Amino acid sequence: MKTDEQPENHTLHHGGCGPSGGHAAEGRAGGPAHGDGVRPCRERGGPGAAVWVLYEVKQREREKALSVLVTGMEMVENYCQNIPPQAYALAEHYWPGPLTMILEDKGVVSALVNDGSGTLGVRCPDHPLTQAILRQAGVALAAPSANPSDQPSPKTAQEVLDYFDGHIEGIVD
């Protein structure tokens with residue numbers, strides 16, 4: 001299929017999943033938001049299917065919530081509510097970077113992403129390519145680590161392929 005989108009954004013906008021900037025990114029034009037309205041993937045049909053693919057590919061327990069990647073606090077405000085002033089101060093100091101904040105979920109994220117606790121983990125990555133993907137997608141992306149549950153984190157794209165070859169759409173390295 002010919003598309004003017006960058007390959008990684010085409011995959012995300014069409015319900016695929018693949019590692020990006022050291023994390024398995026998943027999403028579509030709407031990402032994990034809008035209730036259970038995540039676009040179906042080829043591997044499973046129905047609402048929220050792309051999120052289920054993340055759980056299946058990673059062999060992740062459903063009870064373990066997924067965090068989402070954001071471009072900054074402005075995007076966080078689309079997904080979280082009652083955000084304390086301290087969260088803005090932490091973001092100012094530590095984002096982009098490895099800090100994940102657990103905030104009150106606004107209820108727009110698919111129930112498949114969080115664990116039903118009413119909270120959502122949000123992080124602003126410092127990898128420039130991941131930031132570019134997030135900006136182009138315009139939505140938060142569910143983003144677990146790029147390794148199967150209970151396995152060591154991969155250090156190279158080849159190690160990610162060794163874990164997931166045939167189960168992901170591609171790698172942005």
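Strand β4, residues 80-81, pairs with strand β5, residues 100-105. The two run in the antiparallel sense, over two bridges. Here C80 stands opposite D105 in β5. β5 also pairs with strand β6, residues 119-123. This pairing is antiparallel too, and it covers five bridges. Look for T100: it stands opposite R123 in β6.

Keep in mind that this is a predicted model. Its pLDDT, the predictor's confidence on a scale from 0 to 100, averages 76 over the protein. Of the residues, 72% score at least 70. Over residues 7-31 the pLDDT is below 50. Beyond near neighbours in sequence, that stretch still has 95 contacts in the model. Residues 33-44 also have a pLDDT below 50. Their stretch has 46 contacts beyond near neighbours in sequence.

Now step back to the whole chain. The secondary structure comes to six helices and seven strands. From the N terminus on, the order is α-β-β-α-β-α-β-α-β-β-α-β-α. The protein has 173 residues, and 48% of them count as buried. Take the contacts with a separation of 6 or more: residues 24 or more positions apart account for 60% of them.

What lies inside? In soluble globular proteins, nonpolar side chains tend to be buried together. The largest nonpolar core here has 33 residues. V70, V76, W95 and V122 have the most contacts inside this core. The helices α2 (49-58), α3 (73-79), α4 (85-94) and α5 each supply at least two residues. So do the strands β3 (68-69), β5, β6 and β7 (141-142). Which element gives the most to this core? That is α3, with four residues.

Just after α5 comes G138, which takes a positive phi of about 75°.

There is also a second, separate core. It has six residues, including V53, V57, V160 and F164. A search of the whole structure finds one aromatic pair, formed by Y163 and F164. A pair of aromatic rings is described by the distance of the centres and the angle of the planes. For Y163 and F164 the values are 6.0 Å centre to centre and 55° between the planes. The pair is tilted.

Y163 has 28% relative accessibility, so it counts as partly exposed. The cut-off for buried is under 20% relative accessible area.

Notes
Residues numbered from 1 in each chain as written. Predicted model: local features only at pLDDT ≥ 70, side-chain atom pairs only at ≥ 80, totals over all residues. Heavy atoms only, no water. Contact = heavy atoms within 4.5 Å. Pairing = 2+ DSSP bridges. Core = buried A, V, L, I, M, F, W, Y, C linked by side-chain atoms within 4.5 Å. Buried < 20%, exposed > 50% of the residue type's maximum accessible area, 1.4 Å probe, protein only. Phe/Tyr/Trp six-rings, centres within 6.5 Å; stacked < 30°, edge-to-face > 60°.
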